[in-house]
Amino acid sequence: MNSTPPKDIFSYLKQLISPGLRGFFLFFLLTFSFLLYLGTWQLNRLEWKNILIKEINQNLSKPPISFDDLLIETLQKNKSPDYRRVNLVGVFEESKPFKLLMKMQNETLGYHLIVPFVLESGPRILVNIGWVPATIDPSTV
């Protein structure tokens, strides 16, 4: 029997943990370290989400701007256009709508209706009008 005291913590742990439990102890340390990492990751993610929500609320509280000003602000000033209210002046091209992504909503088959919008300044943009239920003619089935 060795009567000399251990010199450091690692030699003490070596004596304390029997060879049969070393694998379990290593597994415990790795698991504990991983859980600590996940906890800090969640705290960092919470901070990021709070900043994002603050930016969204700030952008939504700003007065609406014209589409041309939004393009200038986005491209030249390198600002984010996310969740910014915009005034659009123009007309819908109601003769050219198209349907996108057939899907179920509340057990009803439907699609997203996309309609081109011609701005007064000339360019066209696509506007998602929203989900519309599909009308199926029973005679065509």
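**Exercise 1. Where is the place of Asn59? Then decide: is Asn59 buried or exposed?**

Step 1. Work on the predicted model. Find Asn59 in helix 2, which spans residues 22-61.

Step 2. Take the relative accessibility of Asn59, which is 13%. Buried means under 20%. Asn59 therefore counts as buried.

Step 3. Look for a side-chain partner. The side chains of Asn59 and Lys62 are joined by a polar contact of 3.4 Å.

Step 4. Now set aside the neighbours of Asn59 within four places in sequence. Asn59 is then in contact with Ser80, Asp82, Tyr83 and Arg84.

**Exercise 2. Find the buried residues of helix 3, and explain why they are on the same side.**

Step 1. Helix 3 covers residues 67-75. Its buried residues are Phe67, Leu70 and Glu73.

Step 2. Recall the general rule. An α-helix has 3.6 residues a turn, so residues three or four places apart point the same way.

**Exercise 3. State where confidence is highest and where it is lowest among the helices named here.**

Step 1. Start with the whole protein. The average pLDDT is 82, and 85% of the residues score at least 70.

Step 2. Confidence is highest in helix 2, at a mean of 92, and lowest in helix 1 (residues 9-16), at 68.

Step 3. Turn to residues 137-141. Their pLDDT stays under 50. The model has one contact beyond four places in sequence for them.

Methods. Residues are numbered from 1 along each chain as its sequence is written. This is a predicted model: local features need pLDDT of at least 70, side-chain atom pairs count only at pLDDT 80 or more; totals for chains, interfaces and linings use all residues. Side-chain values use heavy atoms; hydrogens and water are left out. Helices (H or I, at least four residues) and strands (E, at least two) are DSSP runs, numbered from the N terminus. Buried means under 20% relative accessible area, exposed over 50%, partly exposed in between (1.4 Å probe, protein chains only). A polar contact is a pair of N or O atoms within 3.5 Å; within protein, one must be able to donate a hydrogen and the other to accept it, and residues adjacent in sequence count only if both atoms are side-chain atoms. Contact means heavy atoms within 4.5 Å. pLDDT is the predictor's confidence in each residue, from 0 to 100.
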